[in-house]
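Student: I would like to learn how to read the sheets, helix contacts and pockets of a model. Could we go through one case step by step?

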Amino acid sequence: MDRAAAFAALEAHRVEIASRRTVDFFAEDPQRFAHFSVRLDDLLYDYSKNRLTRATLGHLFDLARAARLEERREALFSGEKINNTEARPALHMALRNFSGAAVRVDGADVMPAVEAERAKVAAFARAVREGAIRGARGEAFTDVVNIGIGGSDLGPAMAARALSPFASPELTAHFVSNVDGADIADTLAGLDPARTLFIVSSKTFTTQETMANAASARAWIAQALGEAAVADHFAAVSTKLDKVAAFGIRPDRVFGFWDWVGGRYSMWSAIGLSLAIAIGPEHFEDFLRGGHDVDEHFRSAPLSHNIPVLMGLIGVWHRNIWGFAAQAVIPYDQRLARFPAYLQQLDMESNGKGVLRDGASSPRATGPIVFGEPGTNSQHAFFQLLHQGTEVVPVDFLIAAEPTEADDKHHVLLFANCIAQSEAFLRGRSEKEVREILRAQGLNSAQIDELAPHKVFSGDRPSSTLLYRQLTPRALGRIVALYEHKVFVQSVIWDINPFDQWGVELGKELCSRLAPLVADASADLSGLDGSTGGLIAARRALLPG
Ligand code: F6P
């Protein structure tokens, strides 16, 4: 069977089950929760609240086989150059490999270099935390500012917040990313230069935003402590060591990684240095081990019990067969507040592609629009649309069984809210039920007729839940790696390259052309389209003087 036939079989199957409701599937199979959930140690993936049956899964596994998923997975792990437009492997799994097995790129084992860099990160993190590495005036660092953007920011920033209970109380990690000068200004406002360490994180070391922020940080240190202090207050993480040297960062403060690590897959590398300093090298290693747990699971579990495979295939079922364009990710975990933003880059920069690996146009929809906010706040913001809007948006709920350093009573309410929402999405509330409730409340029939339609919930809105024991470094590593591999699974089904990101290039190029026209008030704007030129001219008119 080829992909097209497998998709056609899924379409036909949808028509067959379209009139059935997920609540009926629960009624028919009292063991549905057990049958449609998978465990990985103390992590549980419950996908029973999606409108699918065993037959659906059978068709989805046929599709996976038609797309040669298992073969592609092996190609990923064995270091084939699956990032075909950049002629590179994608081997972020090597960064969290603790199996003792070699990982080869062009025949050479990369593990000795990975382990050496890992040890260097750990030693530096330890020395900063213990005050063995100090600022130019001999003071211990109290603040670490990571300067980076995209993959050089989102992962460590998300994780530092998620794992704040594991962080040293003597050190605060800050993250500056936006070229908007307000970002660095607001971050530096409360900081003491003598106690601040900057880490410039950039795979390419050319990214405009990061270079602009690094230059401002450098000037801030030089102005406060003198030019000679700069070397003591900066470290850098990059694959372009020559460019780092040109910036003036001491060689022993430079941490490398490799071009076979994609930016949005790089938090496992030295890009995680700010996180390693914040939570300590032991906790950082636990985080890496969590990622490794999932690599082993993804590589060896049969398709039917493989969490990233199931997550990916259920996403395809929703995106392509039901036509749901978006995916919400709702952590009921305030410390995962930045997880949706992190996931947006991981998912949308990876699978937001319109062409297949061979350059032909994709015959079907690819990556969904990913968004989210923590619960319960999101319930009071956009859940109205999720419950009663005209778009059906599948939801991933994430929740811990027990809180990390938080009040248990709050957690009971948090947990109850989370499962109440997924129950509401599943059940809905029929017009008959609404009418009965309104009648019991004493409304007359005219009032009931008027109100009833507004109070109906269609239900059958799909959701899955990831339940983990507690938000520890290892649990977070597992969660992140699950989503990485989910994104990979979908890219295989869609036959796209998830490891390049050409779509971000055009804007960067045009910005380089426009910046001089914005800076120079007398620059000629003819040749620009009316709106672009008009906006520059309007800005000029609004500026003082
Ligand atoms: O947004 C495009 C991008 O290239 C991302 O893929 C990357 O994570 C980010 O910019 C930052 O790049 P760098 O680490 O090279 O500064």
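**Reading the sheets and pockets**

Tutor: Take the open sheet of 6 strands, whose order is E1-E2-E13-E12-E10-E11 and whose pairing is mixed. Keep in mind that this is a predicted model.

Student: Which are the edge strands of this sheet?

Tutor: They are E1 (37-40) and E11 (369-371), each of which pairs on one side only. From one strand to the next, the twist averages 15 degrees.

Student: What holds the strands of a sheet together, in general?

Tutor: Strands of a sheet pair through backbone hydrogen bonds, in either a parallel or an antiparallel sense. Here, E1 and E2 (residues 43-46) are an antiparallel pair with 4 bridges. Within that pair, Arg39 stands opposite Leu44 of E2. The hairpin of E1 and E2 has 2 residues between its strands, and Asp41 takes a positive phi there, near 55 degrees.

Student: In which sense do E12 and E13 pair, parallel or antiparallel?

Tutor: Parallel: 6 bridges link E12 (residues 395-400) with E13 (residues 463-468).

Student: Which strands does helix H15 lie across?

Tutor: H15 lies across E10 (326-332), E11 and E12, and runs at about 165 degrees to E11.

Student: What is the strand order in the open sheet of 5 strands?

Tutor: The order is E6-E5-E7-E8-E9, and the pairing is parallel.

Student: Why is one side of E6 and of E9 left without a neighbour in the sheet?

Tutor: E6 (172-176) and E9 (254-256) stand at the edges and have a single partner strand each, so one side of each has no neighbour in the sheet. Ignoring direction, neighbouring strands of this sheet are turned by 20 degrees against each other on average.

Student: How many bridges join E8 to E9?

Tutor: There are 3 bridges between E8 (residues 234-238) and E9, and the two strands run parallel.

Student: Now for a contact between helices. At what angle do the axes of H5 and H13 cross?

Tutor: Consider both the distance and the angle. The axes of H5 (residues 69-77) and H13 (residues 281-300) come within 10 Å, crossing at roughly 145 degrees. H5 contributes Arg73, Glu74, Leu76 and Phe77 to the contact, while H13 contributes Asp295, Phe298 and Arg299. By class, this contact of H5 with H13 has 3 nonpolar, no polar and 4 charged residues.

Student: Which residues lie nearest the centre of the largest pocket?

Tutor: Thr204, Thr207, Gln501, Val504 and Lys508 do, out of a lining of 36 residues. The space in this largest pocket is about 860 Å³. H9 (208-225), H15 (339-351) and H21 (505-519) each supply at least two residues of its lining, and H21 gives the most, with 4 residues. The lining of the largest pocket divides into 9 nonpolar, 17 polar and 10 charged residues.

Student: Which helix supplies the largest share of the lining of the second largest pocket?

Tutor: That is H17 (residues 408-427), with 5 residues. The second largest pocket has a volume of about 380 Å³ and is lined by 19 residues, with Asp333, Gln334, Ala406, His411 and Leu414 nearest its centre. Its lining has 7 nonpolar, 8 polar and 4 charged residues.

Notes: Residues are numbered from 1 along each chain as its sequence is written. This is a predicted model: local features need pLDDT of at least 70, side-chain atom pairs count only at pLDDT 80 or more; totals for chains, interfaces and linings use all residues. Side-chain values use heavy atoms; hydrogens and water are left out. Two strands pair if DSSP finds at least two bridges between them. Axes are lines fitted to C-alpha atoms, for helices over the stretch in contact, and angles run from 0 to 180 degrees between N-to-C directions. On a 1 Å grid over the protein atoms alone, a cavity is a set of points where a 1.4 Å probe fits but cannot get out, and a pocket is an open set with protein on both sides within 12 Å along at least five of seven lines; lining residues have an atom within 4 Å of a point. Grid points are joined across faces, edges and corners, and a volume is the space filled by probe spheres set on the points. Ala, Val, Leu, Ile, Met, Phe, Trp, Tyr, Cys and Pro count as nonpolar, Asp, Glu, Lys and Arg as charged, and the others, Gly among them, as polar. Contact means heavy atoms within 4.5 Å.
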